[in-house]
Amino acid sequence: MDKINILWADDEIELLKPHILFLREKGYDVSTANSGDDAYDLVKEQDFDIVFLDENMPGISGLETLSRIKQLKNDLPVVMITKSEEEHIMEDAIGSQISDYLIKPVNPNQILLSLKKILENKRLIREKTSSAYQQEFRSIGMSMSDRLSYEEWLEVYQKLVFWELELSKTKEEGMEEILRMQKSEANALFSKYVANNYQGWVSGKDPKAPIMSHLLFKQRVIPEIDKNESTFLILIDNMRYDQWKVMQPIITEYFKVDTEELYCSILPTATQYARNAFFAGLLPSEIEKRYPKHWLNDEDEGGKNLSEEFFMQEQLKRLGKDVKSSYTKVTNFQAGKKLAESIPNLMGNKFNAIVYNFVDMLSHARTEMEVIRELADDEKAYRSITVSWLEHSPLLDIIKQIAERKGKLILTTDHGTIRVTEPSKIIGDRNTNTNLRYKQGKNLNYEKRDVYEVKNPADIYMPKQHVSTSFVFAKEDKFFAYPNNYNYFVNYYRNTFQHGGISLEEMLIPYISLSVK
């Protein structure tokens, strides 16, 4: 292992020679500085693993030196050493992100303990996390089979996401790769499970069917409207379970989680189907039959999600809920700012529905914009961008305002997304839709092992555009590619985030009920 480099800054550094010799005997490299300016200069010029910093030095103070160091290298651990036990100094130092705090006179063992606690902590956590996942790997592997129930699939997916997030903190690439393989195996089995059961779920013939898109509003949202003075439903388009988990710490500064569960998106896991089903409380073919003027199929011209407010109001009426309500769709920053300004007025409504399109826009931008492709290169980066966006978006201001005014908050989504890696060849006529994860059309020719095929769309409550129309849904992380210009198409879309097909990430999606702390 490489030697650990320590910088110790103290205007009485000569008096600390015994401590420095002790550390060098223990195998540490120690550089010294007599002032804050010297310490800052050394940090600029050299790489250190940790800094010990005297709080009271002539010239710039220890706290000012700390601030400068953090601006230069924010992730460099700093231990503040001081003679003073005054509370405000401790608070200032802690607020400036120190890693530890020691009161003079310090003894060598205190220094050694602080070093091990800070520098060894990451290694120990990494080793413990890897070891714990290795044990869980066997348990998850043994639990996965063709005979898992829906509830067991939920448990498997939640465990996989938990370990994905834990391992992403450790930089243990070997273990992360093993997890990816296990997740891939899970998706293969889950796709088979969905293909075997989906028709029974949507037909209502399976008594153990999950709560799906068209049932969620009635079964989960309506009870919240009934028991709260002002309920806000925020549907973040295209939000996966792992994205919710990384956003959760930000949101739970203002709200506590009452209920966290996963529900199941209908197929296709695409906005025009899943979200319309959510707001209408009906499956797509039922919407088309009941509201033909408000339903557009894939090959029809025009926006496919322009009637969500109408569907929502119709569902509220159907369920006997004559309440004052609003519906707002946010598709850009300015619309978000405008909505934030209107929250005080919306508090007078019994129910407010907000559709926030950011995550969906990010997913599509990830495909179309090279800069986003580079920023969201993998799952970890994709989650990171989501968190960064939330922290700086009007949505966070909206959530804060709802909390300040004691509103009830529901967060959910319409479907998830998956990073696609494997192309699957398909041939269709010119009217075949363009989605990479599902196709509907006449005379489709495809790799049967890669898809869930539905010859008669009515069997899964999908509109039938033509007599010979059929549907195919890509399984796992496959994406459809046409034979002409195949290589260009495959290279362009591989490793992008897509939705419309069958995977754990697309179908098992979060519903969270929150109340003010």
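Q: At what angle do the axes of helix H9 and helix H16 cross, and within what distance do they come?
A: Two packed helices are described by the angle between their axes and the distance between the axes. Here the axes of H9 (residues 241-251) and H16 (residues 379-391) cross at roughly 35° and come within 9 Å. Axes are lines fitted to C-alpha atoms, for helices over the stretch in contact, with angles from 0 to 180 degrees between N-to-C directions. The crossing of H9 and H16 is right-handed; that is, the near helix is turned clockwise from the far one by less than a right angle. H9 contributes Asp 242, Gln 243, Val 246, Met 247, Ile 250 and Ile 251 to the contact, and H16 contributes Tyr 382, Arg 383, Thr 386, Val 387, Leu 390 and Glu 391 (contact: heavy atoms within 4.5 Å). By class, the contact of H9 with H16 has seven nonpolar, two polar and three charged residues. Ala, Val, Leu, Ile, Met, Phe, Trp, Tyr, Cys and Pro count as nonpolar, Asp, Glu, Lys and Arg as charged, and the others, Gly among them, as polar.

Q: What should I know about the model and its numbering?
A: The model is predicted: local features need pLDDT of at least 70 and side-chain atom pairs count only at pLDDT 80 or more, while totals for chains, interfaces and linings use all residues. Residues are numbered from 1 along each chain as its sequence is written, and side-chain values use heavy atoms, with hydrogens and water left out. Helices (H or I, at least four residues) and strands (E, at least two) are DSSP runs numbered from the N terminus.

Q: Which residues meet where helix H8 packs on helix H10?
A: An α-helix has 3.6 residues a turn, so residues three or four places apart point the same way. From H8, Ser 213, His 214, Leu 216, Phe 217 and Val 221 meet Ala 274, Ala 277 and Phe 278 of H10. By class, the contact of H8 with H10 has six nonpolar, two polar and no charged residues. H8 (residues 213-227) and H10 (residues 271-280) pack at an angle of about 35°, with axes 6 Å apart, and their crossing is right-handed.

Q: In which sense does strand E7 pair with E19?
A: Strands of a sheet pair through backbone hydrogen bonds, either parallel or antiparallel. E7 (residues 255-264) and E19 pair in the antiparallel sense over nine bridges (pairing requires at least two DSSP bridges between two strands). Val 257 stands opposite Leu 514 in E19. E10 (residues 408-412) also runs antiparallel to E19, joined by four bridges, with Leu 411 opposite Ile 512.

Q: How many residues of E19 are buried?
A: Nine of the nine residues in E19 (508-516) are buried, meaning under 20% relative accessible area with a 1.4 Å probe, protein chains only.

Q: In what order do strands E14, E12 and E17 lie?
A: They form an open sheet in the order E14-E12-E17, with mixed pairing. The edge strands, each pairing on one side only, are E14 (445-446) and E17 (478-481). E12 (residues 422-427) pairs with E17 in the parallel sense over four bridges, and Lys 425 stands opposite Ala 481 in E17. Helix H18 (residues 486-493) lies across E12 and E17, running at about 145° to E17.

Key
Buried < 20%, exposed > 50% of the residue type's maximum accessible area, 1.4 Å probe, protein only.
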